[in-house]
Amino acid sequence: MIIEPDTAGLLRAAARDNAEWCDAVVRGHGPAGAFAPEAWTSASRTPPLYPDAVTLAPGASASALVAAVDTGGPGCSVKDSFADLDLSGDGFEVLLEARWIHRPAAAPAPAAGSRLEWSAVTGSAGLAQWEAAWGGAEGTGLFHPALPGRGVTFLAGRAGGRILAGAVAHRGSGAVVGLSNLFAHEDADAADADAAWAGALTAIAARRPDLPVVGYESGDGLDAAVRAGFTPIGPLRVWLHTGA
């Protein structure tokens, strides 16, 4: 696959930002991961839902990547940012196929279409409330209380004081904002996926209107991102070690 130069740069920026976000989460639980030109890797097992490696450039060495992570226990995973690895011979199988997405800087945010009020989460109690609403892992405690304010903003969309939607905005070393962990409680009248995308993008634009927004999605999440003005720019895969 031939990648246009501007898209190639965006893909690298998106992968790097995501790796830095993963590293920030991992550092809340133990030793930080290691950055090398081809990949970010963690020698010890990472927290639930977070990969043990993220490739940063096309053509990364599969053997070097596998040697740098812990495959001795269950759950080891690799984010293949350019969907160009074959880890099947090393006991991995494909867990997820997704697409990197990009939204230009200063693009108008879509209409919110809901009564949610968006703000940044502050304090350990606020973070615990956000994490409980997100519900992406068992219980709370996945995200260290020191994360907010270190290039990381947990955004919450509230109605009646209750968090019904949210997202994470990450500003790392690159000239992009990474948007991840977006959720909406669609059983609530005030929240749905489109409202969550609109609210999160409006909140990000208020803070960094000069930077493009990147992330990755699949399935219905990808469809919602496209409706919110994102363009898919490249494939990625997540590999899970099964030992087979």
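**View 1. The end of helix H3 and the residue that follows.** Just after helix H3, Gly 135 takes a positive phi of about 65°; helices (H or I, at least four residues) and strands (E, at least two) are DSSP runs, numbered from the N terminus. This is a predicted model, in which local features need pLDDT of at least 70 and side-chain atom pairs count only at pLDDT 80 or more, while totals for chains, interfaces and linings use all residues. Residues are numbered from 1 along each chain as its sequence is written, and side-chain values use heavy atoms, with hydrogens and water left out. Helix H3 itself covers residues 123–134, which makes twelve residues, and from its first C-alpha to its last it reaches 16 Å, close to the 16 Å expected at 1.5 Å a residue (the expected span is 1.5 Å times one less than the number of residues).

View 2. The buried residues of H3 are Gly 126, Leu 127, Trp 130, Glu 131, Ala 133 and Trp 134, where buried means under 20% relative accessible area, exposed over 50%, and partly exposed in between, with a 1.4 Å probe and protein chains only. These residues cover an arc of only 160° around the axis, which puts them on the same side of H3; the arc is that of the directions from the helix axis to the C-beta atoms. An α-helix has 3.6 residues a turn, so residues three or four places apart point the same way. On the other side of H3, Ser 124, Ala 125 and Ala 132 are exposed. The cover over the buried residues of H3 includes E7, strand E8 (162–170) and strand E9 (177–184).

View 3. The structure holds twelve aromatic pairs, counted where rings of Phe, Tyr and Trp (its six-membered ring) have centres within 6.5 Å, with planes under 30 degrees apart called stacked, over 60 edge-to-face and the rest tilted. One of the pairs is formed by Trp 21 and Phe 154, and this pair is edge-to-face, at 6.3 Å centre to centre and 65° between the planes. Because Trp 21 lies in helix H1 (residues 5–27) and Phe 154 in strand E7 (residues 152–159), the pair ties together parts that are 133 residues apart in sequence. Trp 21 counts as buried at 3% relative accessibility, and Phe 154 counts as buried at 0%. Trp 134 and Phe 143 form another aromatic pair, which is tilted, with 5.2 Å centre to centre and 50° between the planes; both residues are buried. Ring pairs link Trp 21, Tyr 50, Trp 130, Trp 134, Phe 143, Phe 154 and Phe 183 into a cluster.

**View 4. Ala 169 and its surroundings.** Ala 169 has its place in strand E8, and at 9% relative accessibility this residue counts as buried. Leaving aside residues up to four places away in sequence, Ala 169 touches Gly 151, Val 152, Thr 153, Leu 155, Val 177, Gly 178 and Ile 204, where contact means heavy atoms within 4.5 Å. Ala 169 and Leu 182 are 13 residues apart in sequence, and their C-alpha atoms are 9.5 Å apart in space.

**View 5. The protein around these close-ups.** The secondary structure of the protein comes to five helices and eleven strands, and buried residues make up 46% of its 244 residues. Among the contacts with a separation of 6 or more, residues 24 or more positions apart account for 68%. The C-alpha atoms fill a box of roughly 50 × 40 × 30 Å, taken along the principal axes.
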